[in-house]
Number of protein chains: 2
Amino acid sequence: MENIQVHELAKNVARALREGKPTEAVEVLARLHPADRAEVFCHLDRADQNRLLTLLTPEEIGEILEYMTEDERHEVATRMELGTLSRVLDEVDSDVAADVLHELPRGEVEQVLSQMKAKERAEVERLLPYADASAGGLMLPVPVVLRPWMTAEDAINLLRREKPDTDIVYYLFVVDENDRLVGVVSLRQLVIADPDTPIGQIMDPQVIYVGPDTDQEEVARLMEHYDLLALPVVDRDRRLLGMVLIEDVVDVIEEEATEDMFRMVGLSEEERALGPVSQSVRLRLPWLVINLYTAFLAGWVVSLFEDTIAKVAALAAIMPVISGQGGNDGIQTVTVIIRSLALGEVDVRDLFRLLRKQVLIALANGAVIGTLTALTVLLWKGNAALAVVAAVAMVLNMLVAGIFGVVIPLTLKVLRRDPAQASGVILTTFTDVCSFFIFLGLATLLLGWI
Amino acid sequence: MENIQVHELAKNVARALREGKPTEAVEVLARLHPADRAEVFCHLDRADQNRLLTLLTPEEIGEILEYMTEDERHEVATRMELGTLSRVLDEVDSDVAADVLHELPRGEVEQVLSQMKAKERAEVERLLPYADASAGGLMLPVPVVLRPWMTAEDAINLLRREKPDTDIVYYLFVVDENDRLVGVVSLRQLVIADPDTPIGQIMDPQVIYVGPDTDQEEVARLMEHYDLLALPVVDRDRRLLGMVLIEDVVDVIEEEATEDMFRMVGLSEEERALGPVSQSVRLRLPWLVINLYTAFLAGWVVSLFEDTIAKVAALAAIMPVISGQGGNDGIQTVTVIIRSLALGEVDVRDLFRLLRKQVLIALANGAVIGTLTALTVLLWKGNAALAVVAAVAMVLNMLVAGIFGVVIPLTLKVLRRDPAQASGVILTTFTDVCSFFIFLGLATLLLGWI
């Protein structure tokens, strides 16, 4: 739905609520797809949201909750009365329920769980030990399992009997007499098979699976690499614990991309364009302070050459050209490396190939950019020695940027830190410090000619 | 599969090929999942790849091709003999075949098509008019359609008869007597329904669909928003043309995220960490030249104040602190806005709310960072007037960065350009020029006190 429609619908719902026509407000929402209903709901202000929460059934609230982002969901859940929350969580997928409970204070978790239905409560409790960002935190219970000795017809009859109430059954997992995962059958294979064929013959015994502690980024990478719609999660004895669905992984992929993009510029992934100001200030300020002092470090390098600058003030005008170009060149390299690491295209073993490539690129681009720099400075300032110093500093600085652009993210990777984290600020500090030192150092050495 | 295993396996295959043991090489590959087979293949050098292309059957080559990235696929396809290519394309999904043909010269397309099987050729020819990055370019033919008047049992018998040969049948689309899309049924619903129920009663008549020219980013957004596994593509009369699968959209989401990340720093999305040097040089150089001259623009602003700098060289040391902080602050804002636009969380109508927020953030962060700047400069240089000038310039510059960080991407959006494109370089130019002008201008005005 277009943003403009969401704004419009939210306005209509709010007006109906304020004019004392609650049924009209609920009807406007009821006509929408639950995904759009969630979006309109999140565009309302708190007072209207709270009024709606008293008007909707637990099932309706649950449906909206399923389609919210994690942050929105937590925010709404903490505002609900605990008894209502229990009834709502009875209605949602157990991974969503576990996710909501993870954000509540420990005492409240117990209270909410105690008021949930026995079956739903048991399912959620099995998921609670796992982190939200792990396979265990993403998985859903498997509603029906097959056995190798069943026939295709037995399996279809089982499905008819159990009537699993979600659309998640496109792969069916097969477990042996010890409940160990031994194969997978797609629902299509089951339907088109001769009814008497045993499952053991139709199933694919080469199942790809993960443990519950596998990181969600690895889960996403596996499902993308092998084009899977569902990935089984098993314990150490290969007993089936649950399965992760592609729908949930699509959100993970978006999240991880946002996270990398934000971390590169020192932002927290919690930051939202229209989130509260206080949150943005709190999230950004520490990083800005660090950045301030790394910038002062670069400034200190410049101050070492104040005597030179006092004699040739033109150096101050060329300084930002050299450092700007180095910073940009380095950021380009860092971005390529970070993304390739995230997509699993390269790893630390590729260090020397990556370095060799960046050095060659820096030399090729440096030859062109260095020549242009020399010509421009010569035309501008009419000072041949200054032009040569600027050009040499430019080429050296591009080499430095290329090398640091590879070494910094790979070093973070080796240290088991996220390569995206702070690569931007660390890199700019290195390139700034080096560029000022190289350029002003050269100028000081050759001061007699400039 | 771990990168290290891929390297190892590629080495084994290459050794077998060189030692004249082709069957051994083929066997190593045959033991792998096709996704891994494709990865190992792409790690071989060209000569070994060419040798393998003569050893594998068209079906085996097709299977590898399906799991390659677009670039890898094009590169391998252009090296194949046209007759072989026809037989390979007979084996792959028609969207993959269309994608390969889009990259061939027009004359060769005709030759390849003329040697393909009639049915496969017809399917590919239907897709050829659509751009790769549109719904039409991503869609696959729908293997089986249902009619509202069929019973669930009829539908299952139809599936048994047709035996669609792919796993893509988890949603079944329902069309009326004029072949117009009227509903959707999941295979699960079909299996668990009472055999006599007419499809018209089980189906969901509220189907979400797109036209063939819809951009792939919009396709991905819809499928993510509505949690869809398959999205039908229809013509103007709502007749079913094909369907887009979630597996293919996962790749689109990765691609679009990479594209945004790369464009922000002026990189082309074609750039690969281990791609050829010449390509990186060609892709990066034009941008570096533009960047060089925007940096010279900032340098020119500095040169306007050379007299001031010659008198107080300490200004040159503080300059990079002010500009660096403004650039970083602006890049953070730009990144949040670009990502929110890409995910459809905000649009141009939110301009004033976004501006208001950034101004408040800049004032709050500016108060802290400005104070720290003043104190640090005072302690470092012992010059109170210089400290005040630096602090005021810092706060003003953070305001400027916040405002440009919102205005630049939204302006690009209004101009129907990609907001991510070159936002980084444009923004840094603005913040650098403003920061030098504000800081050195203030210093010049107050020169008597510094």
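A residue counts as buried here when its relative accessible area is under 20%. By that cut-off, in this predicted model, strand 2 of chain A (residues 171-175) is mostly covered, with five of its five residues buried. Y171(A), F173(A) and V175(A) point one way from the strand, while L172(A) and V174(A) point the other way, and every one of them is buried.

Strand 3 of chain A (residues 181-186) runs antiparallel to strand 2, with five bridges between the two, and S186(A) of strand 3 faces Y171(A). Strands 2 and 3 of chain A make a hairpin with five residues between the strands, and in it D179(A) takes a positive phi near 65°.

Further along chain A comes another hairpin, built from strands 4 and 5. Strand 4 of chain A (residues 230-234) is largely enclosed by the rest of the structure, because five of its five residues are buried. A230(A), P232(A) and V234(A) point to one side of strand 4, L231(A) and V233(A) to the other, and again all are buried. Five residues lie between strands 4 and 5 of chain A, and R238(A) in the turn has a positive phi of about 65°.

Then there is the interface between the chains. The size of an interface is often given as the accessible area lost when the parts come together. For chain A and chain B that comes to about 11300 Å², with 63% of it on carbon and sulfur atoms. R188(A), M261(A) and Q332(A) supply 6% of the area that chain A buries against chain B, more than any other three residues. Counted by residues, 118 of chain A are in contact with 118 of chain B.

As for polar links, 26 residue pairs are in polar contact between chain A and chain B, and six salt bridges are found across the interface. One of these pairs E306(A) with K381(B), whose closest N and O atoms are 2.4 Å apart. By class, the side of chain A that touches chain B has 65 nonpolar, 26 polar and 27 charged residues.

Definitions and conventions. Residues are numbered from 1 along each chain as its sequence is written. Chains are lettered from A and ligands numbered from 1 in the order in which they are written. This is a predicted model: local features need pLDDT of at least 70, side-chain atom pairs count only at pLDDT 80 or more; totals for chains, interfaces and linings use all residues. Side-chain values use heavy atoms; hydrogens and water are left out. Buried means under 20% relative accessible area, exposed over 50%, partly exposed in between (1.4 Å probe, protein chains only). Helices (H or I, at least four residues) and strands (E, at least two) are DSSP runs, numbered from the N terminus. Two strands pair if DSSP finds at least two bridges between them. Contact means heavy atoms within 4.5 Å. Buried area is the accessible area (1.4 Å probe) that two parts lose on being put together, summed over both. A salt bridge is a side-chain nitrogen of Lys or Arg within 4 Å of a carboxyl oxygen of Asp or Glu. A polar contact is a pair of N or O atoms within 3.5 Å; within protein, one must be able to donate a hydrogen and the other to accept it, and residues adjacent in sequence count only if both atoms are side-chain atoms. Ala, Val, Leu, Ile, Met, Phe, Trp, Tyr, Cys and Pro count as nonpolar, Asp, Glu, Lys and Arg as charged, and the others, Gly among them, as polar.
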